[in-house]
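Trainee: Hi! Could you walk me through this one?
Mentor: Happy to, let's look at it together.

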Amino acid sequence: MPAILIEVIKDYNEAEGNKIIDAVHSAMVKAFQIPKEDRTIRLLVHPPHRFAVSPTKTKPELYTLISVDAFSGRSIDAKRKLFSEIAKNLSELGIPKDHILIVVRDSKKESWGVQGGQSGYDVDLGFKVEV
């Protein structure tokens, strides 16, 4: 049930954008063991003048910032696996690994309103968070 935001500068066409979303989702399924149908992923394109990137990047137009808001409980190993899977998957799409920044923000289940306005603490999520 993580909420994922992928922020980019390049305005990818629909097929390319879907591949990026799928690459990140695939990594989430593998590393965090979320259900395959669990997809809350947004791809946000910023105008270049509103997304400052280090001048050391060789292809700044491909810089990719990924924010993952998730329930607390994933291990450091699961996070390491997520980081490497995302970098591997996106590099296969031509995005240099050193142009990818991933931030995981953990929050308690009770801080999430899910399944019709219930606290995430009070519902059966249907998957294990402690991986």
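Trainee: What order do the strands of the open sheet have?
Mentor: In this predicted model, the four strands are ordered E2-E1-E3-E4, and the pairing is mixed. Strands are DSSP runs of E of at least two residues and helices are runs of H or I of at least four, numbered from the N terminus; two strands pair if DSSP finds at least two bridges between them.

Trainee: And which ones stand at the edges?
Mentor: Strand E2 (41–45) and E4 do; each has a single partner strand, so one side of each is left without a neighbour in the sheet.

Trainee: How many bridges join E3 to E4?
Mentor: Eight, and the two run parallel. Phenylalanine 71 stands opposite serine 107 in E4.

Trainee: What does H2 touch on the sheet?
Mentor: H2 packs against E3 and E4, and its direction makes about 145 degrees with that of E4. Axes are lines fitted to C-alpha atoms, for helices over the stretch in contact (heavy atoms within 4.5 Å), with angles from 0 to 180 degrees between N-to-C directions.

Trainee: New topic: which residues touch the most other members of the largest nonpolar core?
Mentor: Ile6, Ile66, Ile86 and Leu90, out of 37 residues. Such a core is a set of buried Ala, Val, Leu, Ile, Met, Phe, Trp, Tyr and Cys residues joined through side-chain atoms within 4.5 Å; buried means under 20% relative accessible area with a 1.4 Å probe, protein chains only.

Trainee: Which element gives the most to this core?
Mentor: H1, with nine residues.

Methods:
Residues are numbered from 1 along each chain as its sequence is written. This is a predicted model: local features need pLDDT of at least 70, side-chain atom pairs count only at pLDDT 80 or more; totals for chains, interfaces and linings use all residues. Side-chain values use heavy atoms; hydrogens and water are left out. Buried means under 20% relative accessible area, exposed over 50%, partly exposed in between (1.4 Å probe, protein chains only).
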